[in-house]
Amino acid sequence: ALGRDVEPSAAQFEDMGNHLVRIAELVGRISRQFEGMKNSPKNLIILGSRLSKGRESMQVVAKNYETLSGELMVMLDDLAEGLDALMTRAFVGRMGHCASLLYDEAIQLYAEQEVNRGTRGHAAELDVLQSALAGFHSEAEQGCRQIAREADRFLALNIRLKNMLSGLALTRVICRIETAALTEDTDSIDEITTRLEVFQEELGRSLDQVATACDALKKSVPTRSDMTAWAS
């Protein structure tokens, strides 16, 4: 409204927020992918129980897949909860930083334009404003540091998710090997394992995109020198 350019430091908070939204969208997509496949291990167990041979081994494979999937979902929920809290923290940090920009300008104008009438009020009011400004700076800095820490944690968690995905892929291959050794009709089992293969490929791509978004988030966090400059 004042016709000014956007303050670069405020734009940094906007970038962090956009990266967090992107990560949240990807995590939501992964959750939906899991939702569509959550019954596949149980279906494998049911189909395996109908086999005259290889029943036990097929059920063991299906149980392993179910266990790995459950562990992966727990980790995904952890990521989603962390994201939700971090988005709130980023919003508060951005609010604090933008408020500090306004306060800084107000303090300068007040110090320059408000007539000092020789009372204690003028200096005391400046102290109050400076104290509030320091609080806003602190809020913004704490938010940035937390975002940086969480970005590292998200990247580490994503690596663990990728490792779990490798475990799922191995279990699926074992399932293929087991069914190939059977003489019975295993078309239904083959159909499920094919769907699992497609699911795992999609999940792998999504996790790669999460890693890229987390890396971009980490790089968007203001540096220590940036944050020091805010308070100077």
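Q: How many aromatic pairs are there?
A: The count is 2 aromatic pairs, where rings of Phe, Tyr and Trp (its six-membered ring) pair if their centres lie within 6.5 Å. This is a predicted model, so to speak of local features pLDDT must be at least 70, side-chain atom pairs count only at pLDDT 80 or more, and totals for chains, interfaces and linings use all residues. Residues are numbered from 1 along each chain as its sequence is written, and side-chain values use heavy atoms, with hydrogens and water left out.

Q: What kind of pair do Phe 34 and Phe 199 make?
A: Edge-to-face, because their planes are at 80°, with the ring centres 5.1 Å apart. Planes under 30 degrees apart count as stacked, over 60 as edge-to-face and the rest as tilted.

Q: Phe 34 and Phe 199, buried or exposed?
A: Phe 34 is buried at a relative accessible area of 6%, and Phe 199 is buried at 3%. Buried means under 20% relative accessible area, exposed over 50%, and partly exposed in between (1.4 Å probe, protein chains only).

Q: And what does Gln 33 touch?
A: Leaving out residues up to four places away in sequence, Gln 33 touches Phe 199, Glu 202, Leu 203 and Ser 206; contact means heavy atoms within 4.5 Å. Gln 33 belongs to helix α1 and is buried, at 14% relative accessibility.

Q: How do α1 and α5 pack?
A: Their axes are 9 Å apart and the angle is about 165°, so α1 and α5 are roughly antiparallel. The contact of α1 with α5 has 16 nonpolar, 7 polar and 5 charged residues. Axes are lines fitted to C-alpha atoms, for helices over the stretch in contact, and angles run from 0 to 180 degrees between N-to-C directions. Angles under 35 degrees count as roughly parallel, over 145 as roughly antiparallel, 65 to 115 as roughly perpendicular and the rest as oblique.

Q: How are the residue classes set?
A: Ala, Val, Leu, Ile, Met, Phe, Trp, Tyr, Cys and Pro count as nonpolar, Asp, Glu, Lys and Arg as charged, and the others, Gly among them, as polar.

Q: What about α3 and α5?
A: Helix α3 (residues 55–113) packs against α5 at about 25°, with the axes 14 Å apart, which means α3 is roughly parallel to α5. Met 58, Tyr 65 and Leu 72 of α3 meet Ile 189, Leu 196, Phe 199, Gln 200 and Leu 203 of α5. By class, that contact has 7 nonpolar residues, 1 polar and no charged.

Q: Next, α2 and α3: what is the geometry?
A: The axes of helix α2 (residues 40–49) and α3 come within 8 Å and cross at roughly 175°, so α2 is roughly antiparallel to α3. Among the contact residues are Pro 41, Leu 44 and Ile 45 of α2, and Arg 55, Met 58 and Tyr 65 of α3. The contact of α2 with α3 has 6 nonpolar, 3 polar and 4 charged residues.

Technical notes: Helix = DSSP H or I, 4+ residues; strand = E, 2+ residues; numbered from the N terminus.
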